Amino acid sequence: MSELVSTRIRNTAGKLGLPHLAETIREYTRRADEGKMGYLDFLDLVLSEELAVRDDRRFRQGLRLSRLPHHKTLDEYDFSFQPDLDPRKVKDLATLSFVESKANAALLGPPGVGKTHIAVALAVAARRAGYSIYFTSLDDMVRNLKAAEAAGRLTNKLGTYLRPGVLVVDEIGYQPLERAEANLVFQVISKRYEKGSIILTSNKTFSEWGQVFGDEVLATAILDRLLHHCEVISINGPSYRLKNRLQAIEREAEVA
């Protein structure tokens with residue numbers, strides 16, 4: 001390929017918003033020469049590579065906007081430390097069939113067992129599959145909705161939690177809510193019902209949610225919509241954080 005043609009292609013690729021093609025056109029032509037590709041095979045190569053690059057760019061941009069606390073995957077989860085947890089149940093969730101059905105997933109258990117890790121891993125998988133995602137703790141969501149309501153912008157702020165294909169609501173149950181706060185949560189749950197998926201984590205059993213939301217009737221209404229289409233996984237094993245802390249203490253003792 002002449003330098004003139006190469007320059008013209010790079011310029012055209014830049015105008016089309018294909019910066020990767022502009023940077024790698026010589027690499028593509030080298031691979032085409034080595035593989036003795038025909039015109040259609042070469043075009044298929046270029047388009048496939050550009051699509052992959054664009055999809056990866058969208059994936060990473062979605063992660064940046066999702067507010068996920070980290071980007072851990074299920075491959076990083078130590079199932080051997082939670083022998084009572086059936087890995088098949090979690091891996092079934094990772095197929096994202098519940099997201100396709102606009103259903104929900106609930107991860108229940110005491111602090112430190114890896115509920116948030118699994119929730120984040122499912123959200124990352126959903127983003128990889130092309131779904132929009134957003135992560136929030138229940139406390140942060142309630143605080144933001146209250147501030148928006150006080151400023152007369154509640155409808156606009158609700159959109160933050162209604163638009164994503166998958167909403168992750170973490171740490172339900174760590175702080176009890178007042179009834180007005182619980183009503184804001186109900187608005188999110190009700191408006192998302194059968195329109196988008198929720199992945200939630202909680203250290204409370206569902207029978208304790210009346211205490212969490214400060215009203216048994218309101219808690220029942222929330223649960224009715226959440227659990228109508230919901231996969232529930234309970235994790236009742238030891239704490240990863242406590243395990244890591246104990247190991248650190250043991251190492252410090254050995255050094256001393």
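Colleague: Which residue of strand 4 is the bridge partner of L167?

Modeller: In strand 4, L167 has I198 as its bridge partner. This is a predicted model: local features need pLDDT of at least 70, side-chain atom pairs count only at pLDDT 80 or more, and totals for chains, interfaces and linings use all residues. Residues are numbered from 1 along each chain as its sequence is written, and side-chain values use heavy atoms, leaving out hydrogens and water.

Colleague: What makes a stretch a strand or a helix?

Modeller: Both are DSSP runs, numbered from the N terminus: helices are H or I with at least four residues, strands are E with at least two. Strand 3 covers residues 166-172 and strand 4 covers residues 197-202.

Colleague: Why are strand 3 and strand 4 said to pair?

Modeller: Pairing needs at least two bridges found by DSSP between two strands. Strand 3 and strand 4 have five, so they pair, and they run parallel. V168 bridges to I199 of strand 4.

Colleague: Which other pairs are joined by bridges, strand 2 with strand 3 and strand 1 with strand 4, and by how many?

Modeller: Strand 2 and strand 3 run parallel and share five bridges. There, Y134 has L167 of strand 3 as its partner. Strand 1 and strand 4 are also parallel, with four bridges. L108 stands opposite S202 in strand 4.

Colleague: What is the strand order of the sheet?

Modeller: The open sheet has five strands in the order 2-3-4-1-5, paired in parallel. Strand 2 (133-137) and strand 5 (230-234) each have a single partner strand, so they stand at the edges, with one side of each lacking a neighbour in the sheet. From one strand to the next, the twist averages 15 degrees.

Colleague: How do you know that strand 4 is largely enclosed?

Modeller: Count its buried residues. Buried means under 20% relative accessible area, exposed means over 50%, and partly exposed lies in between (1.4 Å probe, protein chains only). Six of the six residues of strand 4 are buried, so the rest of the structure largely encloses it. S197, I199 and T201 point one way, while I198, L200 and S202 point the other way. Strand 3 is also largely enclosed, because six of its seven residues are buried.

Colleague: Why is S66 called buried?

Modeller: Its relative accessible area is 0%. That is under the limit, so S66 counts as buried. S66 sits in helix 3 (residues 39-66).

Colleague: What does S66 touch beyond four places in sequence?

Modeller: S66 touches I133, Y134 and F135. Contact means heavy atoms within 4.5 Å. The side chain of S66 also reaches the backbone nitrogen of L68 at 3.3 Å.

Colleague: How do you know that I222 is buried?

Modeller: I222, too, has a relative accessible area of 0%, so it passes the test for buried. I222 belongs to helix 11 (residues 216-227). I222 and I189 are 33 residues apart in sequence, yet 6.6 Å apart in space, C-alpha to C-alpha.

Colleague: Why is helix 8 called oblique to helix 9?

Modeller: Axes are lines fitted to C-alpha atoms, for helices over the stretch in contact, and angles run from 0 to 180 degrees between N-to-C directions. Under 35 degrees is roughly parallel, over 145 roughly antiparallel, 65 to 115 roughly perpendicular, and the rest oblique. Helix 8 (residues 154-162) and helix 9 (residues 179-192) cross at roughly 55 degrees, with axes coming within 10 Å. That makes the two helices oblique to each other. Among the residues making the contact are L158 and Y161 of helix 8 and L184 and V188 of helix 9.

Colleague: Where do the buried residues of helix 8 pack?

Modeller: They pack against strand 2, helix 7, strand 3 and helix 9. L154, L158, G159, T160 and Y161 are the buried ones.

Colleague: What makes helix 7 and helix 9 roughly perpendicular?

Modeller: The axes of helix 7 (residues 138-150) and helix 9 cross at roughly 100 degrees and come within 10 Å. That angle falls in the perpendicular range, so the pair is roughly perpendicular. The contact includes M141 and L145 of helix 7 and V185 of helix 9.

Technical notes
Polar contact = N/O pair within 3.5 Å; in protein donor to acceptor, adjacent residues only side chain to side chain.
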